[in-house]
Amino acid sequence: MKKNEISRQSRSDLSARPKSSGSEIDAFLQEAKQFAPVPTATRGRMIFALDATMSRQATWDMACGLQGEMFSATASVGNLSVQLVYFRGLTETRASRWVNNAESLRGLMGKIDCQGGLTQIAAVLSHAQRESERQPLAALVYVGDSMEENIDELCSLAGELGLRGVKAFMFHDGRDKQAETAFREIARLTGGAYLPFDSNSASDLKALLAAVATYAAGGRKALEAAGTATAGALLADMR
């Protein structure tokens, strides 16, 4: 048999085959869906940064007790990965591994004691920027009471974070005016929020941490869906 005859026969055979009906195709596609890979839920990433200088011991202990609320608040929203970052002394700034549950984070925090020193907020912001370059980073939570650095440098770093879509939520313990000015500006430049509290407002801190974690895990829609007064106030503060 010649080549062109084989070709004609092949086309003839194909045209002779019964065509699938629309219902058969739909049934096949529906069956195929059952075997399609299920996309895994994306995990929101958040840095939890704390000033671990000596003046922070009381609030550090409070944060240790409340950090579990961050994970419990996101249970119905999505997955959350948290990295602990802290500084103390004159030059020590450290970052933990990424953890996905409260017990792991509590274990990390329990091993750290506060020591005298100066603030190193620039190092925290620089670290957050590097992390955002590796993988998307939703939020930076910072808890501190003072600021002893060049505010223009901090604002420059904050602006870069804002360009990368990382919102900074600046928790301010106390009434230090210099810190307030810096924290407000960092929050503004990143589109985050300035959140003052004191040692008597543990319940407020608990609710705010939960709201920020909800945002980190599921974005603005998740925060809107939370429907709490704290979530609404946080949304109003965010750009």
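1. Let's start with Ala179. In this predicted model, Ala179 has a relative accessibility of 0%, so it counts as buried. You'll find Ala179 in helix H8, which covers residues 177-190.

2. What does Ala179 touch, once neighbours within four places in sequence are set aside? The contacts are Asp145, Ser146, Met147 and His172. Take Asp145: Ala179 and Asp145 are 34 residues apart in sequence, yet their C-alpha atoms are 6.8 Å apart in space.

3. Asp145 also turns up in the surroundings of Asp51. Not counting residues up to four places away in sequence, Asp51 touches Asp145 and Ser146, along with Arg56, Trp60, Phe87, Thr119, Tyr142, Val143 and Gly144.

4. Is Asp51 buried or exposed? With a relative accessible area of 0%, Asp51 is buried, and it sits in strand E1. Its side chain has a polar partner, too: there is a polar contact with the side chain of Thr53, at 2.5 Å.

5. Strand E1 (43-51) comes up again around helix H5 (residues 102-110), as it is part of what covers the buried residues of H5. The cover also includes helix H3 (57-66), helix H4 (68-73), strand E2 (79-88) and strand E3 (92-99).

6. Which residues of H5 are buried? They are Ala102, Leu105, Leu108 and Met109. These four span an arc of only 130° around the axis, so they lie on the same side of H5. Turn to the other side of the helix and you'll see Glu103 and Gly110, which are exposed.

7. Finally, a pair of helices: H9 (residues 202-226) and H10 (residues 229-237). Their axes come within 9 Å and cross at roughly 75°. An angle of 65 to 115 degrees counts as roughly perpendicular, and that is therefore how H9 and H10 are set relative to each other. On the H9 side, the contact is made by Ala207, Leu208, Ala211, Val212, Arg220, Leu223, Glu224 and Ala226. H10 brings Thr230, Ala231, Leu234 and Leu235. Sorted by class, the contact has 9 nonpolar residues, 1 polar and 2 charged.

How values were computed: Residues are numbered from 1 along each chain as its sequence is written. This is a predicted model: local features need pLDDT of at least 70, side-chain atom pairs count only at pLDDT 80 or more; totals for chains, interfaces and linings use all residues. Side-chain values use heavy atoms; hydrogens and water are left out. Axes are lines fitted to C-alpha atoms, for helices over the stretch in contact, and angles run from 0 to 180 degrees between N-to-C directions. Helices (H or I, at least four residues) and strands (E, at least two) are DSSP runs, numbered from the N terminus. Angles under 35 degrees count as roughly parallel, over 145 as roughly antiparallel, 65 to 115 as roughly perpendicular and the rest as oblique. Contact means heavy atoms within 4.5 Å. Ala, Val, Leu, Ile, Met, Phe, Trp, Tyr, Cys and Pro count as nonpolar, Asp, Glu, Lys and Arg as charged, and the others, Gly among them, as polar. Buried means under 20% relative accessible area, exposed over 50%, partly exposed in between (1.4 Å probe, protein chains only). The arc is that of the directions from the helix axis to the C-beta atoms. A polar contact is a pair of N or O atoms within 3.5 Å; within protein, one must be able to donate a hydrogen and the other to accept it, and residues adjacent in sequence count only if both atoms are side-chain atoms.
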